Amino acid sequence: MPLLVVCTGNICRSPAAELLLRAGLGEDAGIAVASAGLAARAGEPVAAPMARLLAERGVQPAGFVARQLQPPVLRSAGVVLTMTTAQRSAVVTRAPSAVRRAFTLHEFAELASLAGELPGQVRPVDRLVALIAAAPRLRALRTGPRDDDVEDPYRRSDEVFGRVLARIDADVAALLAFLTAAPAGTAQPSSETSAGCGHGTTRVAPVG
């Protein structure tokens, strides 16, 4: 299942989300995470401030290269996550068939938080497919003001980069919590056998 993250330049926000998701999902999730830009600074690495923040969190962005969003990649994506509502509109304009599988990252994270248990869905890829299918129903459950846009930190202060990273990290964490949750009824280790065995979530930083 290809999961595509999209922003403008593909050097700040979408690379951060890509790296965070990839680190949190691991290699056996059945989900291939990638990113691209609507007006990509093709060939460039992750912006230096974001690269530093990622490295501080143990995520090395070395080797990442920005790429332009191409129609075949967009059409083949199982789900497209954008950083703003305007970018989602641009994605749907370029590929109208993506309308039911294109979301902002923040919206999709909120839908994951609203989804609850999915009986029988064990693998992350199966949970992702189920979440996409349930999205129309879950959208009706969103209440309160909508703040779905992640600001662009490009050429701005380290403070802005840090704020953007925190926002993306929180949304990615919510999505990962849903995708990697143990299904209901799964036996959990007893306190005697699990003592001292901590479980942590690998986190990554945002990139525009």
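At what angle do helix 5 and helix 6 pack, and how far apart are their axes? Keep that question in mind as you browse these views of a predicted model.

**View 1. The whole protein chain, with eight helices and four strands.** The chain has 208 residues, and 48% of them count as buried.

**View 2. Helix 5 packing with helix 6.** Here is the reply to the opening question: residues 105-115 (helix 5) and residues 124-139 (helix 6) pack at about 90 degrees, and their axes lie 9 Å apart. Helix 5 is therefore roughly perpendicular to helix 6.

**View 3. The residues where helix 5 meets helix 6.** From helix 5, look for E107, F108, L111, A112, L114 and A115. Their counterparts in helix 6 are L128, L131, I132, A135, L138 and R139. Sorted by type, the residues of this contact comprise ten nonpolar and two charged, with no polar ones.

**View 4. D171 and its contacts from elsewhere in the sequence.** D171 sits in helix 7, which spans residues 158-179. Is this residue buried or exposed? D171 counts as buried because its relative accessibility is 7%, and the cut-off for buried is under 20%. Setting aside neighbours within four places in sequence, D171 is in contact with L105, H106 and A109.

Definitions and conventions: Residues are numbered from 1 along each chain as its sequence is written. This is a predicted model: local features need pLDDT of at least 70, side-chain atom pairs count only at pLDDT 80 or more; totals for chains, interfaces and linings use all residues. Side-chain values use heavy atoms; hydrogens and water are left out. Helices (H or I, at least four residues) and strands (E, at least two) are DSSP runs, numbered from the N terminus. Buried means under 20% relative accessible area, exposed over 50%, partly exposed in between (1.4 Å probe, protein chains only). Axes are lines fitted to C-alpha atoms, for helices over the stretch in contact, and angles run from 0 to 180 degrees between N-to-C directions. Angles under 35 degrees count as roughly parallel, over 145 as roughly antiparallel, 65 to 115 as roughly perpendicular and the rest as oblique. Contact means heavy atoms within 4.5 Å. Ala, Val, Leu, Ile, Met, Phe, Trp, Tyr, Cys and Pro count as nonpolar, Asp, Glu, Lys and Arg as charged, and the others, Gly among them, as polar.
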